[in-house]
Amino acid sequence: MHGALTSTPFQIAGNLTVVLAIVFWLGLAYWMVRDARRRIKDPWLVASAGLLGVAIPYLGAVIYLLVRPPETLAEAHARELEIRALAERLNGRDARCPVCHAETEPNYLVCPVCTTALRQPCRSCEAALDPLWQVCPYCATPTAAPMLEPVADDLDAALARESIPRRRRTSSPRPAA
Ligand SMILES: [Zn+2]
Ligand SMILES: [Zn+2]
């Protein structure tokens, strides 16, 4: 009776320690599977992470922490989207008017909001060409002089050039509409 009374608290404490150790061990393995599922696509690798946690108690989790992918699949996806958006911006697909910052498309010749000249049409295929391009990328026709200076630089000359065909148009008979 005396022996049983003194040994019972120790036994309970010992059993409790063993149970806690097992719970912590399996809990860690479960956490490893859950964490691996967020980081790894391959279901076999996720399963082996759980196996590692079960096979090597506690130390398996440390090994897993050392070798697991640094970012989650969601983080990797977000980064991929960010890079794609950046690439699209660099490609001019998300281009904006330099004057009024309105959204423009890569085939716009003129900004539809503020009428700033954005590109010039190709002489051969009439594709919208970037002012920096020396040759049309669609038909290989060399572009005219680079349109680096503003269009309205020589306004008088432009108006004089425009007035000639306008006068001719008014004098010629109009075709029936
Ligand atoms: Zn504009
Ligand atoms: Zn062309």
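This note sets out numbered points on the predicted model above.

1. Basis. The model is predicted: local features need pLDDT of at least 70, side-chain atom pairs count only at pLDDT 80 or more, and totals for chains, interfaces and linings use all residues. Residues are numbered from 1 along each chain as its sequence is written, while chains are lettered from A and ligands numbered from 1 in the order in which they are written.

2. Secondary structure. The protein has five helices and two strands. Along the sequence the pattern reads α-α-α-α-β-β-α. Helices (H or I, at least four residues) and strands (E, at least two) are DSSP runs, numbered from the N terminus.

3. Burial. The protein has 177 residues, and 7% of them are buried. A residue is buried if 20 or more other C-beta atoms lie within 10 Å of its own, exposed if 12 or fewer, and partly exposed in between; C-beta atoms are placed from the backbone.

4. Contacts. Take contacts in the protein between residues at least 6 apart in sequence: 18% of these join residues at least 24 apart. Two residues are in contact if their C-beta atoms, placed from the backbone, lie within 7 Å.

5. Core. Which residues make up the largest nonpolar core? There are six: Ala 29, Met 32, Ala 36, Ala 49, Ala 61 and Tyr 64. Helix 1 gives the most, with three residues. A nonpolar core is a set of buried Ala, Val, Leu, Ile, Met, Phe, Trp, Tyr and Cys residues joined through C-beta atoms within 7 Å.

6. Ala 29. This core residue touches Gly 50, Gly 53 and Val 54, leaving out residues up to four places away in sequence.

7. Helix 4. Is helix 4 buried or in the open? Of its 18 residues, the number buried is zero, so helix 4 lies largely in the open. Its length checks out. Helix 4 (residues 73-90) should span 26 Å at 1.5 Å a residue, and its end C-alpha atoms are 26 Å apart, which agrees. The expected span is 1.5 Å times one less than the number of residues.

8. Positive phi. His 101 is not a glycine, yet has a positive phi of about 60°. His 101 sits in the loop between helix 4 and strand 1 (120-121). It counts as exposed because it has 11 C-beta neighbours inside 10 Å. Thr 115, also not a glycine, has a positive phi of about 60°. Thr 115 lies in the loop between helix 4 and strand 1. With 11 C-beta neighbours inside 10 Å, Thr 115 is exposed.
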